[in-house]
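Please examine the sequence and the structure shown below before reading on. The account that follows is meant to be read alongside them.

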Amino acid sequence: MTTLVIRRTFTIYTKLWAKQIPNNLKGRSKSSQEWLTRQLADPYVEKAKMMNYRCRSAFKLLEIDEKYNIIKPGDCVIDCGAAPGSWTQVAVEKCNANGRIEKKPKGAVFSMDLLHFHSVPGATIFGGMDFTKEENKQQLIKALNGRKVNCVLSDMAPNATGVRILDQESIVNLCYDVLRFALVMSAPQANLVVKVWDNGDVPRMEKDIQRFYEKVKRVKPRSSRDDSAEQFFVARGFKGLENIMKAEIKEK
């Protein structure tokens with residue numbers, strides 16, 4: 001009943017919200033005006049506020065998890081590029097790192113971002129730390145204290161330069177950085193979710209990920225903006241490096 005009421009309230013509110021016209025655009029740049037107008041017309045922005053998520057991107061992970069069940073109670077989750085923390089909030093709920101799901105195992109979430117961001121109850125936060133730096137990865141590994149990871153998440157994206165080729169290369173490099181970390185730190189049957197911008201390197205990357213995971217899908221959640229080139233690789237069932245090496249030796 002409560003869920004039904006929330007949905008009805010959200011539907012009514014978003015209809016009203018979509019009709020709003022921003023009246024405080026004076027003095028703002030054109031890009032700022034466009035951003036504000038888009039925010040006011042976006043139902044996921046308001047839904048995030050209603051559900052106490054820090055930003056709309058939470059719904060991308062919620063959609064992915066609802067369909068592919070990538071995070072379970074008791075899981076150890078790494079969130080790369082976590083600021084402002086909405087994916088961390090979802091991960092904490094899903095793996096029960098906050099202990100709110102009674103009679104279910106309690107998981108753990110470790111989140112890192114180049115930016116500082118507010119703590120999330122149930123998560124260990126590494127703010128102001130660049131995930132791509134080896135010394136910061138070592139800090140993360142130290143915090144894991146020997147525990148293997150069940151799910152690696154990355155909603156990371158580089159700062160756009162406006163030069164398409166450079167931006168595509170940058171996000172591909174980020175994806176491979178996350179993948180390499182996941183291969184070393186993941187438990188068998190672990191999962192991976194990583195963001196990429198659609199480009200010519202994506203099919204090659206998909207093949208590389210398929211080498212290490214049993215099932216790999218390219219996904220664009222409904223909550224991704226229509227004009228966004230973002231996609232997510234959802235990789236499930238990490239094969240384990242030892243098993244992969246044995247299988248490849250047999251093939252030879």
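The coordinates come from a predicted model. Across the whole structure, a search finds four aromatic pairs. One of them joins tyrosine 53 and phenylalanine 59 in an edge-to-face arrangement, with 5.8 Å centre to centre and 85 degrees between the planes. Both tyrosine 53 and phenylalanine 59 are buried. A further pair is made by phenylalanine 131 and phenylalanine 181: the ring centres are 5.3 Å apart and the planes stand at 80 degrees, so this pair is edge-to-face. Because phenylalanine 131 lies in the loop between strand S3 (123-127) and helix H6 (134-144), whereas phenylalanine 181 belongs to helix H7, the contact ties together parts that are 50 residues apart in sequence. Phenylalanine 131 counts as buried because its relative accessibility is 2%. Phenylalanine 181, at 6% relative accessibility, counts as buried as well.

Lysine 137 is one of the buried residues of H6, a set formed by Asn136, Lys137, Leu140 and Leu144. These residues cover an arc of only 105 degrees around the axis, which puts them on the same side of H6. A general rule of helix geometry applies here. An α-helix has 3.6 residues a turn, so residues three or four places apart point the same way. Glu135 and Lys142, by contrast, are exposed on the other side of H6.

The discussion now turns to charged side chains. The structure holds 10 salt bridges. Within helix H8 (residues 202-212), aspartate 208 and arginine 204 are four residues apart and therefore separated by about one helical turn. They form a salt bridge in which the closest N and O atoms are 4.0 Å apart. Aspartate 208 is partly exposed, with a relative accessible area of 28%, and arginine 204 counts as partly exposed at 43% relative accessibility.

Glutamate 206 counts as buried at 15% relative accessibility, while arginine 218 is partly exposed, with a relative accessible area of 35%.

What links helix H8 to helix H9 (residues 241-251)? The side chains of glutamate 248 and arginine 211 meet in a salt bridge of 2.7 Å, N to O. Glutamate 248 lies in H9 and arginine 211 in H8, so that the pair links distant parts of the chain, 37 residues apart. Glutamate 248 counts as partly exposed at 25% relative accessibility, and arginine 211 is partly exposed, with a relative accessible area of 44%. Elsewhere, Lys60, Asp155, Lys195 and Glu230 are linked in a network of salt bridges.

Val163, Ile165 and Leu166 make a nonpolar surface patch of about 290 Å². Valine 163 is placed in the loop between strand S4 (149-154) and helix H7 (164-185). With 43% relative accessibility, valine 163 counts as partly exposed.

Technical notes:
Residues are numbered from 1 along each chain as its sequence is written. This is a predicted model: local features need pLDDT of at least 70, side-chain atom pairs count only at pLDDT 80 or more; totals for chains, interfaces and linings use all residues. Side-chain values use heavy atoms; hydrogens and water are left out. Patches are made of residues with over 30% relative accessible area and no salt bridge: like charges are joined within 9 Å, nonpolar side chains (Val, Leu, Ile, Met, Phe, Trp, Tyr) within 5 Å. Accessible areas come from the Shrake-Rupley method with a 1.4 Å probe; for residues, only the protein chains shown count as cover. Helices (H or I, at least four residues) and strands (E, at least two) are DSSP runs, numbered from the N terminus. Buried means under 20% relative accessible area, exposed over 50%, partly exposed in between (1.4 Å probe, protein chains only). Rings of Phe, Tyr and Trp (its six-membered ring) pair if their centres lie within 6.5 Å; planes under 30 degrees apart count as stacked, over 60 as edge-to-face and the rest as tilted. The arc is that of the directions from the helix axis to the C-beta atoms.
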